[in-house]
Amino acid sequence: MDQFDSFETDDKSVIDPQLKKILHFYAHQWEKYRISTQKETNANDVYELFPITINIWRKVLFQPLHEQITQACLQLINSERNKQVIPTHLIGAVIQSYVALNSASSTFKVLKNSFGTQFLAGTQKFYRLEAINFLIDHSVTEYLKKVVARFDEEEQRVRSYLHPSLLQPLIENLENILIRDRLDLIYDEAKILIRDERYHDLALLFKLISRIPDAANGLKEIVRNHISEIGVNSIKNISKTTIIDPKVYIDTIVDVHHKYFKVVLDVFNNDPKFLVSFHQRTLRKRLLGQLSISEDHEKMLISKLKDTCGYEYTVELERMYQDFCISQTITDEYRNDCERKESILKESLREKCSVGFSVMVLSSNIWLLSDSTNLLLPIELKTTFDQFNEFYTNRHPNRKLTWIHQQSKGELEISFHPKKYLLQVSLYQMTILLLFNQNSNYWTVEKLYDATLINSDILKQTLCNLSKNKILICENITNKQVEDLDETNIEMNYSIKLADQFYNKKFKLNLNIPRKSNEQKSIQDVHTQIDVDREMNVQATIIRIMKTRQTLKYSLLIQEVLSQNVSYFKPEIPIIEKCITLLIEKDYLARSSNEKDVLHYLA
């Protein structure tokens, strides 16, 4: 008895009996055919029969039976995926026959058309359904561990009895079904893992999504936001102490760095670029926003990071700080040049150099700032900008300056009101307000656009900010509407004018706050997303409990939810009640008609 005769006794898998007989017959005949042709071709005086007989095999056995044979193989493979023992040698024989049927000029065309396409479609159907069902009763982290196991199983299956040409399309298929289609869910889980410091699971998550091009960038952004939030909160907690002892500020930042440096090394496979990017972003924000406690503190921080990580790690941070220091020197030199010119200018021309001005000249390959946006400068500013361009070009003829208007800011004095005010504004805000020196009456939004060339979305955002701060008035919008105003409410034909009745107790007002607002919104979004994730977790827990119990009292269900989530977080009872109500509305649960405090599982 050869290995194919053991089919009936060894196979415990789920397969159609008729298909089972056909598969056994086909595989058995293929083995006999393969052995017989080998014997014939080994004889020196006999013409090689294989090229001739394979065409007979194609017509007599393959063409009438291959669809049924392939279907039988796919049923067996699904049985093996469901942990059943199958006669893999039968499938291996079929694959060998399909490969042998390919001509020398075709690259496994028969295998692809007669098996590969159906195999990939069946794989997609199997794992899409498995993913949905598995996630009903298991956490996302458990799902990820299952995915890792499935990848290993499928790769082993191809190497064991299928064919190497199937491996790459199979893996791509699995990556799309099991990872790409679940990226939103996986990102949500990443936020929970980093919050709960479950770094081993986070490393597994990173390893998996790294299979998908650019998907790891989303995870890195989540980790950056978390570290940034921790850093901001840590600085806030010691803000009063730093005034007395600035060293506490440095030590606090270094402590945060030490903690998350190890995390990044463990999670992101010793990827130092991640932390370089994080520190570049935070240093860039402090230097551009003039948020540093002092220059000495920045030097101390970079020095400590260099001691910890080495010169190669901090070289870009040092170059950023060097740009900052050189810019101060350039500004001083420019001012001296202006003063020298003023001394020889006629009295009528001196006013052109009177605008207070400082500049930061930054290396584009280090600071990685976004491209400059369009802006037509008002005459009050254009002269100063042109003078600095001439000054810098004369000293560095081979360099090109690109103005980053969105990073520029300044101070503007209001003199159209009896009480004077000093406004801290962005360059966009300043440009718009200075236009009212030309026309103190009305400007339409469209005319402001024509006069400044500011991107229409940015223009509307800027007008929205100035309106909310009551510097400008839009007569198309009521005072009540201003409180909830956003850029989508502003039309191009709206009329804008100065608020001649403007009043504020303060003399100096900071209107340039979108950067701070965006940061706060980002942190708030993180907290909001965590709340949403927790609610989804509570809903999943409720479904899991009710699916098992089928019927349960309301109060006992709440206790069960609290008990099962104790290792992750403690959900508030109102949140649990909200989730129960939501699941009732979605027809997952129903209240008993006789006992209102008893719930039934419906789905």
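**Strand pairing and helix packing**

In this predicted model, strands β8 and β9 form a hairpin in which 6 residues lie between the two strands. Strand β8 covers residues 589-591 and is joined to β9 by 3 bridges, the two strands running antiparallel. Within this pairing, Ala590 has His600 of β9 as its bridge partner.

Strand β9, which comprises residues 598-601, also pairs with strand β7, made up of residues 551-553, and this pairing is likewise antiparallel and extends over 3 bridges. Here Thr551 is the residue that stands opposite His600 in β9, so that His600 is bridged to Ala590 as well as placed opposite Thr551.

A further part of the model concerns the packing of two helices. Helix α8, spanning residues 183-195, packs with helix α10, spanning residues 215-237, at an angle of about 30 degrees, and the axes of the two helices are 10 Å apart. Because angles under 35 degrees count as roughly parallel, α8 is described as roughly parallel to α10. The crossing in which α8 passes α10 is right-handed.

On the side of α8, the contact is made by Leu183, Tyr187, Ala190, Lys191, Ile194 and Arg195, which meet Ala215, Gly218, Leu219, Ile222, Val223 and His226 in α10. When the residues in this contact of α8 with α10 are grouped by class, 8 are nonpolar, 2 are polar and 2 are charged.

How values were computed: Residues are numbered from 1 along each chain as its sequence is written. This is a predicted model: local features need pLDDT of at least 70, side-chain atom pairs count only at pLDDT 80 or more; totals for chains, interfaces and linings use all residues. Side-chain values use heavy atoms; hydrogens and water are left out. Axes are lines fitted to C-alpha atoms, for helices over the stretch in contact, and angles run from 0 to 180 degrees between N-to-C directions. Helices (H or I, at least four residues) and strands (E, at least two) are DSSP runs, numbered from the N terminus. Angles under 35 degrees count as roughly parallel, over 145 as roughly antiparallel, 65 to 115 as roughly perpendicular and the rest as oblique. A crossing is left-handed if the near helix is turned anticlockwise from the far one by less than a right angle, and right-handed if clockwise. Contact means heavy atoms within 4.5 Å. Ala, Val, Leu, Ile, Met, Phe, Trp, Tyr, Cys and Pro count as nonpolar, Asp, Glu, Lys and Arg as charged, and the others, Gly among them, as polar.
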